Amino acid sequence: KVLEIENDILNDDLMDQARKDKLFIDEHKAAKLSRQDEIMMGRLVGRIPFVKNFNNAARVFLNKVRFDTWKAMRKSLSATGEPTPEEGRQIAMFVNEATGRGGLGKMEAAAVPLARAMFSPRYFASRMQMATGHSMWGGTNRTRKLIAGEYARALVGMGLYYSLLALYFRDDKDKKKGSIDFDPRSSDFGKVRIGNTRVDPLAGISQVATFLARTGVTTMNAAFRTNIPETKRSTGQLARLRGPHARYKWTDVAKRFAQSKLHPLPGIYANMLDGVDLAGEEATLINQGAGLVSPITYGDILKAFKEQDID
């Protein structure tokens, strides 16, 4: 069934136009690593039983989401005239960024070497680009209006989602049901927290927003010589990031943010040197090595099941 869906996508009459617009489509058995999606990039993943099936399903799902969204947006724009080549590329750029395939600009040629040191550089770029409305910087008035409409729909949907959850959690003073933190200075910003399990509906954008918020407040403090708390710790305590009484500095925040984006191998090495990982747990050769041989997705699911007492 997965291959049937893939064939339908690749044989669609608009596929040639999608390629011209630079819509990213991860084709089956892509020869180059640079033409593979980062979540499943590798030369051996297509040969490992079960893992290859999971990756194929994920790859085709992303292809379908990208292609269907691109077609729908082109059709919407066609109501006021056929999209120009520039407009088609701008639509494809938005779709790529929205689905985790960000552009690296002048560093495109170094995408694969960069991925050796950094975990999913294109995905990280896409989160920065989505947070700053990058796809609306260029294009035409028609594409900017079209893309702004997509942002507006997403914001309305997320607003409704958070409003319903906040209503559900409202009378839960002990936070047994769960909680949401709306302070952008908190590492839990926008995340649904149930016990020690966190769900991120913002798909990684919250991390970028938190770093930018902490940086912005710290910059304001430096400019106006004030000492407004710049960060919110996991305990809920507000803390300063500058001045003689600050326990942590902005450079510590920047270091942790950069370390969280490292490729697993250099990231584990950094954890071993510090003696603890980013979650504050002891970093040993055994538990750090176990993280390399177990897929991240399955490991996170297993941890969540244990936390929620799901057998």
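**Figure 1. Overview of the predicted chain.** The model is predicted, so local features need pLDDT of at least 70 and side-chain atom pairs count only at pLDDT 80 or more, while totals for chains, interfaces and linings use all residues. Residues are numbered from 1 along each chain as its sequence is written, and side-chain values use heavy atoms, with hydrogens and water left out. The chain has 12 helices and five strands, taken as DSSP runs (helices H or I, at least four residues; strands E, at least two) and numbered from the N terminus. Its accessible surface comes to about 19,100 Å², of which 60% belongs to carbon and sulfur atoms; accessible areas come from the Shrake-Rupley method with a 1.4 Å probe, and for residues only the protein chains shown count as cover. Of the contacts (heavy atoms within 4.5 Å) with a separation of 6 or more, 52% are between residues 24 or more positions apart.

**Figure 2. Confidence along the chain.** The predictor's confidence in each residue is given as pLDDT, from 0 to 100. The mean for the chain is 82, and 84% of its residues reach 70 or more. Helix α4 (residues 85–98) has the highest confidence, at a mean of 95, and helix α11 (residues 285–293) the lowest, at 61. Where pLDDT is low, the predicted coordinates should not be read in detail.

**Figure 3. The largest nonpolar core.** A nonpolar core is a set of buried Ala, Val, Leu, Ile, Met, Phe, Trp, Tyr and Cys residues joined through side-chain atoms within 4.5 Å. The largest one has 17 residues, and those touching the most other members are L23, F67, W70, M73, I91, F94 and V95. Two or more core residues come from each of α2 (15–20), α3 (51–78), α4 and α7 (141–169). With residues up to four places away in sequence not counted, F67 touches I9, D12, L14, M15, A18, L23 and I25.

Figure 4. The structure holds 13 salt bridges, each a side-chain nitrogen of Lys or Arg within 4 Å of a carboxyl oxygen of Asp or Glu. In helix α2, D16 and R19 lie three residues apart, about one turn of the helix, and their side chains meet at 3.5 Å, N to O. D16 counts as exposed at 51% relative accessibility, whereas R19 is partly exposed at 40%. In helix α3, K64 and D68 are about one helical turn apart because four residues separate their positions; their salt bridge spans 3.0 Å, N to O. K64 is partly exposed, at 37%, as is D68, at 32%. E150 is partly exposed at 24%, and R153 is exposed at 53%. Elsewhere, salt bridges that share partners join D21, R74 and E82 into one network.

**Figure 5. A nonpolar patch on the surface.** M220, F224 and I228 form this patch, with about 300 Å² of accessible area together. Patches are made of residues with over 30% relative accessible area and no salt bridge, like charges being joined within 9 Å and nonpolar side chains (Val, Leu, Ile, Met, Phe, Trp, Tyr) within 5 Å. I228 lies in the loop between α8 (205–224) and β4 (231–232) and is partly exposed, with a relative accessible area of 37%.

Methods. Buried < 20%, exposed > 50% of the residue type's maximum accessible area, 1.4 Å probe, protein only.
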